[in-house]
2 protein chains.
Amino acid sequence: MRPVSIVGVGQVPVQKQYSETLRKLGAHVVKLAMADAGVDQVDALFAGNMLSDELQSQKHIAALVADEAGLEGIEALQVRAATATGAAALRMAFFAVSSGEADLAIAMGVEKMSEGIATPALAKALDSRQEVPTGATLISKNAELMRLYQQKYSVPADGLAHFSVNAHANALTNPNALFHKEITAVNVLNSRIISDPIRLFDCSPICDGAAAVVLAPTEHAQRYTDTPVKILASSVATDRFRIADRPEPLVLHAARRSMEKATQRAGISQKDVSFFEVHDAFSIMACLLLEATGFAKPGAGWQMARDGEIGRNGRLPLSTFGGLKARGHPIGATAIYQACEIVQQLTGRAGANQIENAEVGLLQSVGGAAVTVLTHIFGVS
Amino acid sequence: MRPVSIVGVGQVPVQKQYSETLRKLGAHVVKLAMADAGVDQVDALFAGNMLSDELQSQKHIAALVADEAGLEGIEALQVRAATATGAAALRMAFFAVSSGEADLAIAMGVEKMSEGIATPALAKALDSRQEVPTGATLISKNAELMRLYQQKYSVPADGLAHFSVNAHANALTNPNALFHKEITAVNVLNSRIISDPIRLFDCSPICDGAAAVVLAPTEHAQRYTDTPVKILASSVATDRFRIADRPEPLVLHAARRSMEKATQRAGISQKDVSFFEVHDAFSIMACLLLEATGFAKPGAGWQMARDGEIGRNGRLPLSTFGGLKARGHPIGATAIYQACEIVQQLTGRAGANQIENAEVGLLQSVGGAAVTVLTHIFGVS
């Protein structure tokens, strides 16, 4: 396999509602990323989108976006892994370039959650026969994990609140973030209950967004940019589909396995990671991912947040541009936003959000109730 | 990139309605294919499914099928390209093995069209803003092409009927086919109009089915089977999304481009093709694909069918196990069925359906109104 690098990025600000159509929003970021790479043609486009079947009554998204972007003729396929869909598109573009089937491939994601009611469509990531009929949603499943966690480890009421506080602090200076509002742990605790014990400020928002990256073989990356970012590893692992079937529901086996595979392929250990763009769709998920990836011991992930270790100057900066919580979580686009942000950090283009000594960026993406987890590791080497 | 071969196949008979759930049907063919390859573990599973969002209220199919098959932990992703979805899963598994990311990968497809009403969900392969609101469906779009074709080339009323006659003749001896009933051109012409000029017997049926193949690096293929089949090429191309935007709607540019790319990579010409598993979702599509791939001149594709050239002893056997028309077209599974059938032909395991001198098998898969076309070429070498 040949090494692969990112040579162009494109993103639009996450918003509550875009008036542009899904296809136009998607085509727009494709063009932004291509302009950033200085190319006017690519071989392939891999599109991430989770909800257009329901919200836009539209399938066949990849070809539609390619057509809208004026890329008639190219390869275009859609890929999905529930709420980790954007990362699946990234992996597929990685495959295409790595295998030699494409010399330039776009991974893009677009989601317009503002058109219609997203929650029931999102719940289809759960088991439609054994979970959804009981009223379960992705929120209630995360609430189940949070309750178990708080009880098992006697976590104080505000223990997990600091993940959201950090995310909002980082989003303040990100022009692409949905929220530009500082919050405190008290704000989190005073926000309304969505699914006990999850409160509004523990949740990432329903929103619209799109982002794209251009991938090229590392050996040719300098043709397109002076600052390519190498994909050191890409991996996927799954867990039992239902939380109820997992002997240790608080141990995210898919995240652990995926991280192990990725660090092994990258030839690094978790200590080499400079910062972590984590899947903080809910505070509890950020916490459990810190533990599954080995940054914190079981039951101690929340302490990293409380003790300021996840801040931009902390031991392991988390969600450095606001994360899913405050930049926003337009599902199919989310991991692509994170990839763009990692490129910004690793190339010194993160502006006010820049962290020091950014050498290795970690990205994890969670599909469903921690069923499918993709890990991507990026570096400047 | 490293060469890739198919080392195991699994399929269940296409039926009007399976009582088994989608996940169980999917898991069943995965196990059949793994048993055929003699393996009890794989690295990755790529699932093709187009309609489960609507018909089973279920997303996240790949992880669900992997879990049901007892493959906890492996990579599992879903891939889509509208009605060419099965072929997209095959391409992704090809990517995974070719890139070195997986040593054993499954491409599988499953579709249960019997649960609910498939037609509106299928129509989402068209443009939901500019085509569907006018009442357009995939059938009406194919009817548009058929009308244009018949007029332009003064095709006799029964000109296209022989594609269906051939498909039904070949399905007679395929135990996995939905239909086991010989038909004549007169039967086709006497069947009821579905969308003028398309008649019932011009259309592939709504049905349930599932199929799977196991892919391995060619260099290790002999570990798993004495009769591996090599994937000589895999390619994708797209066309303008709407037929209305195409200057020559009867020339399927995506099929032509995809065929050109594939023959070039395989290092063959279309003359080397022994047989063609064509996307005969509608008679007109089979005809136009023969022309786009260069087997017939524009306007002459239907004559190949009328003159018996597409029969099992003809110049270019087509749909040798009954095709989409008579084996059935359970969307996400269709191309995987075709891949299984090509393996059967190339390894001398086609039984009563065996054609002589089967050396190179061609597979084309069409997404939407000929928007996305995938070409796969297989050989014994």
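Predicted model: local features only at pLDDT ≥ 70, side-chain atom pairs only at ≥ 80, totals over all residues.
**Figure 1. The contact surface between chain B and chain A.**
This view shows 61 residues of chain B in contact with 61 residues of chain A. The area buried between the two chains is about 5,100 Å², and carbon and sulfur atoms give 50% of that area. Between chain B and chain A, 42 residue pairs are in polar contact, both residues of a pair being at pLDDT 80 or more. On the side of chain B that touches chain A, the elements giving two or more residues are H2, H3, strand E3 (75–80), helix H4 (85–98), E8, helix H9 (253–266) and E11 of chain B. H4(B) gives the most to this side, with seven residues. By residue class, the side of chain B that touches chain A divides into 26 nonpolar, 16 polar and 19 charged residues.

**Figure 2. A salt bridge between Arg265(A) and Glu101(B).**
Salt bridges between chain B and chain A number 16. The view shows one of them, in which the side chains of Arg265(A) and Glu101(B) meet at 2.6 Å, N to O.

**Figure 3. Strand pairing between chain A and chain B.**
Strand E3 (residues 75–80) of chain A runs antiparallel to E3(B), and three bridges join the two strands. Within this pairing, Gln78(A) has Arg80(B) in E3(B) as its bridge partner.

**Figure 4. Strand E8 of chain B and its pairing partners.**
Strand E8 of chain B spans residues 229–238, and nine of its 10 residues are buried, so the strand is largely enclosed by the rest of the structure. E8(B) pairs with strand E1 (residues 4–11) of chain B in the antiparallel sense, over two bridges. In this pairing, Val229(B) in E8(B) is the bridge partner of Ile6(B). E8(B) also runs antiparallel to E11(B), and eight bridges join these strands. Here Ala237(B) stands opposite Val373(B) in E11(B). In a regular strand, side chains alternate between the two faces of the sheet.

Asp239(B) lies in the loop between E8 and H9 of chain B. Is Asp239(B) buried or exposed? Its relative accessible area is 2%, and because buried means under 20%, Asp239(B) is buried.

**Figure 5. Two loop residues of chain B with positive phi.**
Most residues other than glycine have a negative phi. Ala370(B), in contrast, has a positive phi near 60°. This residue lies in the loop between strand E10 (360–367) and strand E11 (372–379) of chain B. Ser57(B), which is not a glycine, has a positive phi of about 50°. The loop that holds Ser57(B) is between helix H2 (52–55) and helix H3 (61–68) of chain B. With a relative accessible area of 36%, Ser57(B) is partly exposed.

Most peptide bonds are trans. In chain A, the bond from Asp196(A) to Pro197(A) is cis, with omega near 5°. Pro197(A) is in the loop between strand E5 (193–195) and strand E6 (198–199) of chain A. In chain B, a cis peptide bond joins Asp196(B) and Pro197(B), with omega about 5°. Pro197(B) is in the loop between strand E5 (193–195) and strand E6 (198–199) of chain B.

**Figure 6. Ala161(B) in helix H7.**
Ala161(B) belongs to helix H7 (residues 161–171) of chain B. The residue is buried, with a relative accessible area of 3%. Not counting residues up to four places away in sequence, Ala161(B) touches Ala185(B) and Val188(B). Ala161(B) and Trp302(B) are 141 residues apart in sequence, while their C-alpha atoms are 8.6 Å apart in space.

Methods
Residues numbered from 1 in each chain as written. Chains lettered and ligands numbered in written order. Heavy atoms only, no water. Helix = DSSP H or I, 4+ residues; strand = E, 2+ residues; numbered from the N terminus. Buried < 20%, exposed > 50% of the residue type's maximum accessible area, 1.4 Å probe, protein only. Contact = heavy atoms within 4.5 Å. Pairing = 2+ DSSP bridges. Buried area = accessible area lost by both parts, 1.4 Å probe. Salt bridge = Lys/Arg side-chain N within 4 Å of Asp/Glu carboxyl O. Polar contact = N/O pair within 3.5 Å; in protein donor to acceptor, adjacent residues only side chain to side chain. Nonpolar A, V, L, I, M, F, W, Y, C, P; charged D, E, K, R; others polar.
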